[in-house]
Structure formats: structure tokens, C-alpha cells
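Work through the exercises below with the sequence and the coordinates at hand, trying each task before reading its solution.

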Amino acid sequence: MVLRSLMRVIDGRLRQRWIATAVEGDLVVRSEDNRIALQPVGRGAYADATEHSRVLAFPFNYHTLEDALNELGDLLEQASPAMPSRIDRHAMATNSFRLRHWPESGLVATRERMRMSAVLLRADVSASELTRMIGCTAGECRQLLTDLHDAGLLSSEPLAAGKRDIQNPFLSSLTVRERVGVIGRIRARLGL
Amino acid sequence: MPEFKLVFTGTTGTTGAGKTTAIAAVSDVAPMATEARNMDAGFAKATTTVGMDYGELVLADGETLRLYGTPGQERFDFMWKIIGRGALGLIILIDNSRPAPLEDFSRYLAGFADLLRTAPCVVGIGRTEGHPLPGLDAFVRVAARHGVTCPVIAANATRKDDVLQVIDLLLWQLTAHAEVAC
């Protein structure tokens, strides 16, 4: 099981080299610098997770281990000095942005951030479009885009190249005005 | 008069924790549900939805938003495609206290693959307070394996605010389509 887990991790998505050591029925997984460890504990037992540790409870399958290793890889990547550069002012004004996948909960801790992220999942939007749609301040929008970019979650391209397709068959059968109207009426009805 | 449809699906571990409750939280009419005695040992509740739940919202100009809840058990998966056809979006509610919530989630993603190719989705993970693992990020990664990108948030279907937040995120994805993708 451990071998299978590690092979899945190694299969194209491994950013760190992991060392697995079997000890007394537990499995401890450490990064090379020994800073972060994975230590499964017995069924029903939960060790306290600290800032630098993650704990898995037995039984777990290879998906669980793969996810935990990738999570640790993300943490190490965020902590490494080779972080991506921040979005420059020009790109912020001239590019459209798209979210590759939903961020970890810490990055979307407010309702506005969740809403902006939901929009970024479904369409290429510029910072100004996003600000207008959500009704947040330009500063809040820029800060979220910067945070998502720094977490490696954001793709960006010049505005003209952004995809503007619409796939939902029921929305695509309506005019833009009708689409916005329907969504607005649902939102109003629910008090959102 | 135009009609629109939202679909709720997912697992519910105990009565009052899932789709039926979520639909009841926002429906204008008393939701209709087809419950029967639970015969599935994997679901710790006395009754379970065997047909579907139904609720509706009448919008300001007389349009109707229909809310459908699918039966969760795999033996009813033939109904998922039928109910999902033409839906504006999909809401998946997962009970994190069940033995294998990631596998449950994967099953719903596969069952609604056709709908998810064209419609947005939001995933609400319930009972995270007592069952924090797997974490929300694990669900995001499972969705990615199915080619689905969608919000994944903790949501308690017994709290109306949580249900509204899930719907809100679905509507913002639709807004992105309606306003930008044109």
C-alpha cells in the first residue's frame, strides 16, 4: 500500500523527495530537511497536529497518503525561496485571470473572497471586472489576486486572449440581459 | 413562463443533515419528499429518500426555480442523469462522518459527469466539526481528478445561512458566465 501510494505521488506530481520509514506499526514521513512529518496513529486516536506536522488516522488508503503528501509539498513550496514573483501593476491592469482550482480555506476566509474566487473559477476576468461584479474595493480584489498568484493557483493572460465561451445550454439560450436578470431575481428572492 | 432547475445531491448520514433539509431551508412550498424505511446499513438513519425531494421558489416575475434532491444511494443512480438534465447547476452535499467521504464524492462526480461538463457546481462538506478529516483540500483534489473545478466549503445543511452560502457561490459562477462569457 505504501509503495503504491508513493508511486502515485511520484507519478508526475512530486515536488519533494520523501523518505518513508516503518516504525513499530506507525509510518513516519519526513521531508529531507526533517521539518515536516506525517505520523499515522491508531484507529480512533488523534495526535495533536502542530504547525509543522500532519497526522493521519489509520486506516487510510493510498488516496489519503497521496493527498497528505501533496498537501505537505504545497506547504514546502509556499515556504521555499523560489516563490513566484508578485503580479506587477501592468499585468494587474491588462491581464485577465483564471483560478486553476479552489483555494485552501485560509485564502477564502471572507464572503467577498469566496465570491471572487467562484467567479474566477468560471471565467477569465480582469481585476476591474471582478471589482465591479462583486462590489468590493479595488484593493481587496488586488490583494486576493496577489494571494492566489503567490499560492500558484492563478493563471493569467492578456485580456484579448481570454476565453469568453459559454457552455450552460439554458443560459446560452438567453440574452445577456435575460441571463443577468434571472440570476438577479433568484438572488433577490433568496435575500443574497 | 420560464422554469429553471437546481439539483442537490450527495450523502446524508443522519436525518436532517442533507438534501431534504437544504431544500426545505429555501423552498417557498413545503418540500415534497419520498422517504422510505432505510435498508442501507451505510446510512445511519431510519428513513431515506428513495425517489426525490422537491421544492420551488417563485421569482419576482412569476418564473419558477425548481429545487430537486436526488436519492443518494447508488442503486438509484439511473435517476441522476434524468434529474440533472437541463439544470442550472449542481450542489453536492457530503457527510464527512461517513466511512469513505472521498469515495462518496467521487461517485457523485462520476454520476453527474455530463451535467458537470456544462454547469457549475458547489460542494458542501457537512459534519466537519466532529470529523475534520479528510480536509476540504482533499475534496478539491478529488474533483480535479474528475476534471471538475468548483468551490468546496464546510456547510451544515441544517443552517439556512450555510445553505444560502452554497447557493450564493453557485449563482456567482453563473454570473461569471452570464456577464463575462458572452
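**Exercise 1.** At what angle do α3(B) and α5(B) pack, and how far apart are their axes?

*Solution.* Before any value is read, note that this is a predicted model, in which local features need pLDDT of at least 70 and side-chain atom pairs count only at pLDDT 80 or more, whereas totals for chains, interfaces and linings use all residues. Residues are numbered from 1 along each chain as its sequence is written, while chains are lettered from A and ligands numbered from 1 in the order in which they are written.

Step 1: locate the elements, where helices (H or I, at least four residues) and strands (E, at least two) are DSSP runs numbered from the N terminus; α3(B) covers residues 101–111, and α5(B) covers 136–145.

Step 2: take the axes as lines fitted to C-alpha atoms, for helices over the stretch in contact, with angles from 0 to 180 degrees between N-to-C directions. The angle between α3(B) and α5(B) is then about 35°, and their axes are 10 Å apart.

Step 3: assign the hand, given that a crossing is left-handed if the near helix is turned anticlockwise from the far one by less than a right angle, and right-handed if clockwise; the crossing of α3(B) and α5(B) is right-handed.

Step 4: list the residues that meet, using contact in the sense of C-beta atoms, placed from the backbone, that lie within 7 Å. From α3(B) come Leu102(B), Phe105(B), Ser106(B) and Leu109(B), and from α5(B) come Ala138(B), Phe139(B), Val142(B) and Ala143(B). Sorted by class (Ala, Val, Leu, Ile, Met, Phe, Trp, Tyr, Cys and Pro nonpolar; Asp, Glu, Lys and Arg charged; the others, Gly among them, polar), this contact of α3(B) with α5(B) has seven nonpolar, one polar and no charged residues.

**Exercise 2.** Which residues of α3(B) are buried, and which exposed residues does the face turned away from them carry?

*Solution.* Step 1: apply the criterion that a residue is buried if 20 or more other C-beta atoms lie within 10 Å of its own, exposed if 12 or fewer, and partly exposed in between, with C-beta atoms placed from the backbone. The buried residues of α3(B) are Pro101(B), Asp104(B), Phe105(B), Tyr108(B), Leu109(B) and Gly111(B).

Step 1: consider the directions from the helix axis to the C-beta atoms; these residues cover an arc of only 165°, so they lie on the same side of α3(B).

Step 2: turn to the face away from that buried side, which carries the exposed residues Glu103(B) and Ala110(B). The buried residues of α3(B) themselves pack against β1, α2, β6, α4 and α5 of chain B.

**Exercise 3.** Why is strand β1 of chain B described as largely enclosed?

*Solution.* Step 1: count burial; six of the eight residues of β1(B), residues 3–10, are buried, and therefore the strand is largely enclosed by the rest of the structure.

Step 1: identify its partners, where two strands pair if DSSP finds at least two bridges between them. With β5(B), residues 64–69, β1(B) pairs in the parallel sense over six bridges, and Leu6(B) has Leu67(B) as its bridge partner there. With β6(B), residues 89–95, the pairing of β1(B) is parallel over five bridges, and Gly10(B) has Leu93(B) as its bridge partner.

Notes
Two residues are in contact if their C-beta atoms, placed from the backbone, lie within 7 Å.
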